[in-house]
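Please open the model in a viewer and keep the selection panel at hand. The tour moves from one selection to the next and says what is to be found at each stop.

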Amino acid sequence: MSTARVPVAVLISGSGTNLQALIDATQAPEHPARIAVVLADRHKAFGLERARRAGIPTEVVLKRDHPDRTTYDEAVADRLKVHGVDWICLAGFMKVVGAPLLTAYPDRILNIHPALLPAFPGLHGPAQALAHGVQIAGATVHVVDGGMDTGPIVVQGAVPVLSGDDVDALGQRILLGVEHIIYPRALRWAASGKLRVIRHVGAPPRVEIDGDPARFVFAASAG
Ligand code: GRF
C-alpha cells in the first residue's frame, strides 16, 4: 500500500526549467510529493506547456482581473485550495507573496533565488554578483516570509564565477549547475515532513532538516 503523496503547487511566470526539474523528480514512484497544479500569472508562461505535457492541471490568475494585491493573493489561495494543495513552490513567480497566501500556507511556501542569500536579493542576482566581483555565486532555496528573498535558508548551491563570464553565462551555470539540483532536494525534505522552521526570541528564524543532511551543493564546472 502506498502512502498518500503531499499535493504541491508550483507557481511560475516564465520558462519553468525549475518546474521541469520538480516534475522530473516527483515522477519517481516513491517521491513524497506530487504536483497537483501549476499556476501562472500570465498565459504565455512556457511552464504551463511543460505542465500540460506532464498531465498536470494548470491555472492562470491574472493581476489585471483583481483590483489589488490582496484580492489577487486571495484568488490564488482559493485556486490552490480547490486543488487541495499543502505546499507551494515559487519557481520564477514574479510577484512578492502577500498576507493571504502566507496566512493560508504558514512556513509552507518555498522560493528559489539565483544568488547566495542574504547577498543579492531582488532582481538580477547573477548581474549583481558580477557587478560586485564575487568569485563564488549560486542559488538558494528558502522559506518565504513575505519579504523580498528574506526567509530562512533551506539549501544552497555554489558555482565559481569564471573570467569572461557575462550575465547569461553565469546565470546558466547557476541554473543548470545547482538550481535544478537543490530545488527538488528541498521539496523532498518539505514533503516528507523533515523541514521545520525554528524560532527563538531575538534571533532570525532558521530551518532545520531532520536527519541533518548536507544542505549545500558545489558545481565546480557545470554550465
Ligand atoms: C530562476 O533563476 C530562479 O532562481 C528565479 O527565477 C528563475 C526561473 O527560471 N527565481 P525558470 O523559469 O525556472 O527557468
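A salt bridge is here a side-chain nitrogen of Lys or Arg within 4 Å of a carboxyl oxygen of Asp or Glu. By that rule R188 and E30 form a salt bridge in this predicted model, with 3.5 Å between the closest N and O atoms.

Colour residues 1–106 as domain 1 and residues 111–223 as domain 2. Their centres, taken over C-alpha atoms, are separated by 20 Å. Now select the residues at the boundary: 20 residues of domain 1 are in contact with 19 residues of domain 2.

The size of an interface is often given as the accessible area lost when the parts come together. Between domain 1 and domain 2 the buried area is about 1700 Å², and carbon and sulfur atoms give 72% of that area.

**Polar links and contributing elements**

Which interactions does the rule find across the interface of domain 1 and domain 2 in the way of salt bridges? There is one salt bridge. Four residue pairs in polar contact are also found across the interface of domain 1 and domain 2, both residues being at pLDDT 80 or more.

Next, select β1 (6–12), α1 (17–26) and β4 (87–90), the elements that give two or more residues to the side of domain 1 that touches domain 2. Of these, α1 gives the most, with six residues. Colouring this side by residue class shows 15 nonpolar, four polar and one charged.

**The ligand**

Select the ligand and the residues around it: S15, G16, T17, N18, G92, I112, H113, P114 and E179.

- A polar backbone atom of G16 is 2.7 Å from an oxygen atom of the ligand.
- In T17, an N or O atom of the side chain is 2.6 Å from a ligand oxygen atom.
- A polar backbone atom of N18 is 2.8 Å from an oxygen atom of the ligand.

**Two backbone features**

Most residues other than glycine have a negative phi, and most peptide bonds are trans. Select L117 and P118, where the peptide bond from L117 to P118 is cis, with omega near 10 degrees. P118 is found in the loop between β5 (109–113) and α5 (125–132).

Finish at D149, in the loop between β6 (136–143) and β7 (153–160). Is phi of D149 positive or negative? Phi of D149 is positive, near 60 degrees, in a residue other than glycine.

Key:
Residues numbered from 1 in each chain as written. Predicted model: local features only at pLDDT ≥ 70, side-chain atom pairs only at ≥ 80, totals over all residues. Heavy atoms only, no water. Domains from an automatic or database assignment. Contact = heavy atoms within 4.5 Å. Buried area = accessible area lost by both parts, 1.4 Å probe. Polar contact = N/O pair within 3.5 Å; in protein donor to acceptor, adjacent residues only side chain to side chain. Helix = DSSP H or I, 4+ residues; strand = E, 2+ residues; numbered from the N terminus. Nonpolar A, V, L, I, M, F, W, Y, C, P; charged D, E, K, R; others polar. Near = heavy atom within 4 Å.
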